[in-house]
Amino acid sequence: ILDIYHYGVSITIRNLLIENFDITENDFRAIRNKKGEIVFYQITPQHTMQPIIGENSIKQLKPCSKCGSIQYRIKEFKNEQGWPYYYISNEAYSEMHDLNKTFENFDMHIPNFIVSRRVYDFLIKKYPRLNFEPLFLKT
């Protein structure tokens, strides 16, 4: 899972991703400075895959005391180091592209951006400080 809302890629990296992976120009949004010049590109996947929330436990929280809306939170599974991890079904895995966003049924959940292992290997070499969370196959 890629936490990409806070990051962007250079024009060179964007072009390399388009040339070498199953990624198109539509998967990027140009970010411009005050002069209107493109400074970098934000990754905005167009391919929507099945939600991963169904493969992970969801718990309902207390309704909001101000508006009454019900909120949901994914139960975090943690590994030995205390980091959260998520599961994906075989069916969702088989439909993955190199760049994906999840479809989440609940309004309170923002789609996750999921990249293939190939794209992860490429991006982590170029941007070692990018934040990724692993996604495990649920068997």
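Let's start with the lining of the second largest pocket. β9 (113-115), α3 (117-126) and β10 (135-137) each supply at least two of its residues. β10 gives the largest share, 3 residues. Keep in mind that this is a predicted model.

How many residues line this pocket in total? The count is 15. Nearest the centre lie Val115, Ser116, Arg117, Pro134 and Leu135. By class, 12 of the lining residues are nonpolar, 1 is polar and 2 are charged. The space inside comes to about 320 Å³.

Now α3 again, this time in the core. The largest nonpolar core holds 14 residues. Val9, Leu17, Ile23, Phe28, Val119 and Leu123 have the most contacts inside this core. Two or more residues come from each of α1 (11-20), β2 (38-43) and α3. The largest share, 3 residues, is from α3. As a general point, nonpolar side chains in soluble globular proteins tend to be buried together.

Take Val9. What does valine 9 touch, once neighbours within four places in sequence are set aside? The list is Arg14, Phe28, Phe40, Tyr41, Ile43, Leu123 and Tyr127.

Last, the whole chain. The protein has 3 helices and 10 strands. From the N terminus, the order is α-β-β-β-β-β-β-β-α-β-β-α-β. Of the 139 residues, 29% are buried. Among contacts with a separation of 6 or more, 59% join residues 24 or more positions apart. The accessible surface is about 9300 Å², and carbon and sulfur atoms account for 50% of that.

Terms used:
Residues are numbered from 1 along each chain as its sequence is written. This is a predicted model: local features need pLDDT of at least 70, side-chain atom pairs count only at pLDDT 80 or more; totals for chains, interfaces and linings use all residues. Side-chain values use heavy atoms; hydrogens and water are left out. On a 1 Å grid over the protein atoms alone, a cavity is a set of points where a 1.4 Å probe fits but cannot get out, and a pocket is an open set with protein on both sides within 12 Å along at least five of seven lines; lining residues have an atom within 4 Å of a point. Grid points are joined across faces, edges and corners, and a volume is the space filled by probe spheres set on the points. Helices (H or I, at least four residues) and strands (E, at least two) are DSSP runs, numbered from the N terminus. Ala, Val, Leu, Ile, Met, Phe, Trp, Tyr, Cys and Pro count as nonpolar, Asp, Glu, Lys and Arg as charged, and the others, Gly among them, as polar. A nonpolar core is a set of buried Ala, Val, Leu, Ile, Met, Phe, Trp, Tyr and Cys residues joined through side-chain atoms within 4.5 Å. Buried means under 20% relative accessible area, exposed over 50%, partly exposed in between (1.4 Å probe, protein chains only). Contact means heavy atoms within 4.5 Å. Accessible areas come from the Shrake-Rupley method with a 1.4 Å probe; for residues, only the protein chains shown count as cover.
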